[in-house]
Amino acid sequence: MEKPLAASKNVMKNYLSELMTDEPLVQKSAETSQTDTRITETIVENERLETLLKNVNANIEVQETKLTTHKSVNEPISNKNIAEIDIIKKAVETSLVTQKSHGNVEPQKQKTYRQGDFQALYFEVGGLTLAVPLIELGGIHTVDKTTSLMGMPKWFTGVMLYRDEKINVVDTALWVMPEKMDEHLKSSINYQYIIMLNDSGWGLAAENLIDTVVLNQEDVKWTTSSNKRPWLAGLVKDKMCALFDVDSLIQLLNDGSGINKVDS
Amino acid sequence: MSEERRSSNGKSGVNDEVFQWVTFKLENEIYGINVMQVQEVLRYSEIAPVPGAPNYVLGIINLRGNVVTVIDTRSRFGLETCEVTDNTRVVVIESEKQVIGILVDSVAEVVYLKASEIDDAPNVGNEESAQFIQGVSNRDGELLILVDLDKLLSDDEWDELKQF
């Protein structure tokens with residue numbers, strides 16, 4: 001009994017130290033690159049604006065790729081001739097595209113862990129090993145008193161208070177394999193950890209934390225269609241276990257859906 | 001009970017009103033109901049069953065000449081029934097212009113909560129009883145579940161209670 005506990009504590013230590021060392025570097029580099037990108041974009045935009053204004057004034061046909069600013073949208077069209085209106089229509093279309101790409105906070109569906117090596121955490125519930133990409137974890141807590149709420153799905157264990165946070169705890173075994181959860185299995189499960197999903201309020205209950213590993217793209221058989229099992233990012237070949245797609249899992253939980261998208 | 005709300009000097013601003021909640025226990029959880037809806041709290045006395053009453057009605061009590069219907073709160077909240085103890089209370093409340101009693105395991109205290117201290121409950125409930133939850137609040141490390149008494153029964157059920 002003590003060995004798995006000690007192993008779990010080591011895993012937790014590793015996880016925490018990785019969070020403390022890797023994250024800021026990644027964040028810092030990400031912030032720097034973001035600032036650089038913004039400066040570059042501003043310069044490019046200014047150049048494009050200059051070019052665009054010159055082109056409009058000269059009544060020259062403008063290519064779509066060059067028309068990317070708001071200013072071009074706001075050009076008065078009432079006093080222009082037909083040729084100019086055509087140009088401005090193009091500008092409106094292009095500008096709308098540009099706005100969308102700038103305004104969308106999450107423009108890429110591509111996960112960060114879908115490139116190169118990434119770290120994953122293995123954990124266990126009811127004899128089943130599961131994996132989550134480390135970068136999509138919000139933290140790990142030890143299980144504390146959980147308050148159950150009436151009328152919630154069976155897999156919703158309740159709300160656990162952690163400092164000022166309210167964590168919505170998921171009975172992971174019941175969510176993942178509701179059909180196998182008989183009374184015997186239910187009584188044998190001893191949850192000890194809560195694995196937080198990203199920055200959501202959802203946490204998966206886990207019996208043991210097994211290990212954190214570095215996986216490469218070939219180590220995982222990635223799912224091609226997300227319609228049937230959106231929560232499944234892929235299968236880790238070595239461990240033959242499911243790798244969670246955390247964002248989709250959060251979405252399902254927010255919708256109150258069980259693993260089969262049916263309330264359980 | 002005379003003051004329902006009072007201005008808050010809290011840092012969250014002028015709209016951060018303070019509400020009073022009567023807390024009671026069911027099973028091991030603590031629930032809160034708006035103090036303004038509570039008329040009185042009674043010790044358990046014999047509840048006379050009513051033949052043909054819906055299953056959420058435990059029966060009726062005589063409160064100073066008035067008949068008050070008592071709701072089976074445990075079954076309403078999806079909990080198993082339990083034995084009556086010395087702590088069992090009937091909380092007489094007014095909701096939807098009707099006076100009813102709710103049977104609870106015990107009544108604890110009256111607490112003050114700022115509006116900013118109340119959070120929404122996770123909106124994943126798939127059963128009717130999930131609607132009863134008005135919000136949740138962290139009270140000294142314990143989660144307080146705030147109950148919307150008006151939603152304790154459906155419109156049809158409130159109408160049905162008028163027959164008693």
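Chain A has six helices and 12 strands, where helices (H or I, at least four residues) and strands (E, at least two) are DSSP runs numbered from the N terminus. Keep in mind that this is a predicted model, in which local features need pLDDT of at least 70, side-chain atom pairs count only at pLDDT 80 or more, and totals for chains, interfaces and linings use all residues. Residues are numbered from 1 along each chain as its sequence is written, while chains are lettered from A and ligands numbered from 1 in the order in which they are written.

**View 1. Chain A as a whole.** Of its 264 residues, 28% count as buried; that label takes 20 or more other C-beta atoms within 10 Å of a residue's own, exposed means 12 or fewer, and partly exposed is in between, with C-beta atoms placed from the backbone. Take the contacts in chain A with a separation of 6 or more: 54% of them come from residues 24 or more positions apart. A contact here is a pair of residues whose C-beta atoms, placed from the backbone, lie within 7 Å.

**View 2. A:Cys241 and the residues it touches.** A:Cys241 sits in strand 12 (residues 241–244) of chain A. With 17 other C-beta atoms within 10 Å, A:Cys241 comes out as partly exposed. Leaving aside residues up to four places away in sequence, A:Cys241 touches A:Thr129, A:Leu130, A:Ala131 and A:Val236. A:Leu130 is 111 residues apart from A:Cys241 along the chain, yet their C-alpha atoms are separated by 5.5 Å.

**View 3. An open sheet in chain B.** Five strands line up in the order 4-7-8-6-5, with mixed pairing; strands pair if DSSP finds at least two bridges between them. Strand 4 (38–43) and strand 5 (57–63) of chain B are at the edges with a single partner strand each, so one side of each has no neighbour in the sheet. On average, neighbouring strands of this sheet are turned by 30 degrees against each other, direction ignored.

**View 4. Strands 5 and 6 of chain B.** Six bridges join strand 5 to strand 6 (residues 66–71) of chain B in the antiparallel sense. One pair to look for is B:Gly59 with its bridge partner B:Val70 in strand 6 of chain B.

**View 5. Where chain B meets chain A.** Here 20 residues of chain B are in contact with 16 residues of chain A. On the chain B side, the elements giving two or more residues are strand 11 (133–139) and strand 12 (142–147). Strand 11 of chain B has the largest share of that side, three residues.

Technical notes: Contact = placed C-beta atoms within 7 Å. Axes fitted to C-alpha atoms, helices over the stretch in contact; angles between N-to-C directions.
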